[in-house]
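User: Could you walk me through reading a sheet and a ligand site, using one model as the example?

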Amino acid sequence: MSKWWQERVVYQIYPRSFQDTNGDGIGDIPGIISRLDLLKDLGIGIIWLSPVYPSPNADYGYDISDYKGIHPDFGTMADMEKLIAEAEKRDIKIIMDLVINHTSDEHPWFQASRDKASPYRDYYIWRPGRESPGPGRQGKPPNNWTSFFGEGAWEYDEKSGEYYLHLFAKKQPDLNWHNPKVFEEVKDIMRFWLDKGIAGFRCDVINILYKTSLKDGRKKLALTGSEYYLSQEGTHEILRRLRREVLDSYDCFTVGETVFVTTETAKDLCGQDRGELDMIFSFEHMETDQYFVKWFKRKFHAGRFARTITKWQQAIDWNANYLENHDQPRCVSRFGDDEKFWDKSAKLLCILLLTLKGTPFIYQGQEIGMTNFDFTSMDEIRDVESHNIYRLAEKLHFPARVRWNMIRATSRDNARTPMQWDAGPGAGFTAGEPWLGINKNHEVINMAAQLDDPASIRSLYKAMIRIRNMSDILKYGSFEPLKITRRLFAYKRVLDGKALTILLNFSSSCVNTGFTGEALLSNYADKFDTDALDRPGTAFAGRLRPWEAVILKAGDAR
Ligand code: ISL
Ligand code: CA
């Protein structure tokens, strides 16, 4: 009944920022291999590797120019094969990023496709300009769609005299999923990696593949046109066919990154009877601290956050749970307190993530409580999205201070600064000049400082991963909300008459929860034991200290 990918915890690696071994300032595959023992020690069972394929890096690997190669910055195919083998020795499976909504404009398919007579023309979505008075005249873009990165979604190509669609950066042309040849190419790519021993895929923006029409969309603040491509039936059909024709022949799983899904549309993408994806990343809990788009920040409200998590826990059989990834600001800076209660709030978020129902995904650095960056200007930012949005805000006459605050709070580079291994000048990440600035707080927040400290954030992650791996209640128990206020998130996990109650205080003051019982684990402990759930606990009278998180036995309420 249960599947291996429900029993294991996933760790996401953003290779560029994980571990450099040759001093070029860029993380590489040998660096990942050198850290496998440490990941094993943490207790993870699956690695999700963000893209390592050749790419001109307009979007750092999410613009792929060769799906069957390895970017020389990261190493060679032999390094990749060694990584798969070394991981396997340690019983760690690897899933790779599958980016098939778009390619790089430097992919040979796209280069060929710029020629109208090429057999590759139809691999992409080309249209003549509107109101263009004649051949060779550019005219206006074919429709009013806007891209995820804030610009228009069409780019004019001089060579072929037409526009191509790009829902992300202009160096990321969208593939044409109406073309059966595209489908066959992707099947071939998937088999190539599965045959090498990959255990599945994280499928990038997978619910926007199929565009039903290229009509003008209803004008919106962001993503005008999305009604023609979000979770369309054509996409469902593609997913079912990829499952039947490729994935079913391997012992693997898929997790889809699905944008703008509701609990209802999500069920169609990952419901067990659908034969599409095994689980999905949804975004709704990540949107609870914003107004409409992520650049308009709204004060974090724990109640709103907890209600959203609860809704998804109850609606979906098996969620892909996450609080961080390479696109999101650091969770301790966002949902916790990265100053006075840095340690306790990072630990509270650890307990939340590992006690929810579903597969937990931990992002590199989260296990030591890495925080948002401390950059001071746009010159230090590398992310294309941040630069596009900054320019757009400039066009809209937003004052410089407002623009910078938007970027500072939301930039994807917050999560992409190099991994903080130690307090040295290159943070143990590189002996050279890092491709992206290292947070100055690495002198305090780093792996070396936490590894042997039994009370560290990292020690709690290690203990909680083992506890979850051993606990059927935490893996398979139902999720039942108990109480949600502005500060308190209380829920129960129940299996075969046994229960655990989880109490989380999302505030810097004390909270009376109204729950009493036997506390098995608290983030205030000075060491974290993996057998915490099996030993007698201590009496809990109902009061949580600032940012305290407690797991109670049986869940005796009131
Ligand atoms: O960053 C975002 C969330 O706040 C989104 O706009 C993001 O671009 C979207 O979730 C899609 O993300 C994925 O596809 C992009 C790539 O830039 C991201 O890194 C990737 O995770 C295009 O491939
Ligand atoms: Ca390197």
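User: Which residue in β19 is the bridge partner of Ala-519?

Analyst: Strands pair through backbone hydrogen bonds, either parallel or antiparallel. In this predicted model, Thr-538 of β19 is the bridge partner of Ala-519. Strand β18 (residues 517–522) pairs with β19 in the antiparallel sense over 3 bridges; pairing takes at least two DSSP bridges, and strands are DSSP E runs of at least two residues, numbered from the N terminus.

User: Where does that pair sit in the sheet?

Analyst: The order is β14-β15-β16-β21-β18-β19, an open antiparallel sheet of 6 strands. β14 (478–484) and β19 (538–540) are the edges, each with a single partner strand, so one side of each has no neighbour in the sheet. Twist averages 35° from one strand to the next (axes fitted to C-alpha atoms, angles from 0 to 180 degrees between N-to-C directions).

User: Which residues come nearest to ligand 1?

Analyst: Asp-59, Asp-204, Glu-257, Asp-327 and Arg-412, out of 19 around ligand 1 (a heavy atom within 4 Å). A polar side-chain atom of Asp-59 lies 2.4 Å from a ligand oxygen, and for Glu-257 such a distance is 2.9 Å. The protein buries 94% of the 490 Å² that ligand 1 exposes when taken alone (Shrake-Rupley, 1.4 Å probe).

User: How should I read the numbering and cut-offs?

Analyst: Residues count from 1 along each chain as its sequence is written, with chains lettered from A and ligands numbered from 1 in written order. Local features need pLDDT of at least 70 and side-chain atom pairs 80 or more, while totals for chains, interfaces and linings use all residues; side-chain values use heavy atoms, without hydrogens and water.

Methods:
A polar contact is a pair of N or O atoms within 3.5 Å; within protein, one must be able to donate a hydrogen and the other to accept it, and residues adjacent in sequence count only if both atoms are side-chain atoms. Helices (H or I, at least four residues) and strands (E, at least two) are DSSP runs, numbered from the N terminus.
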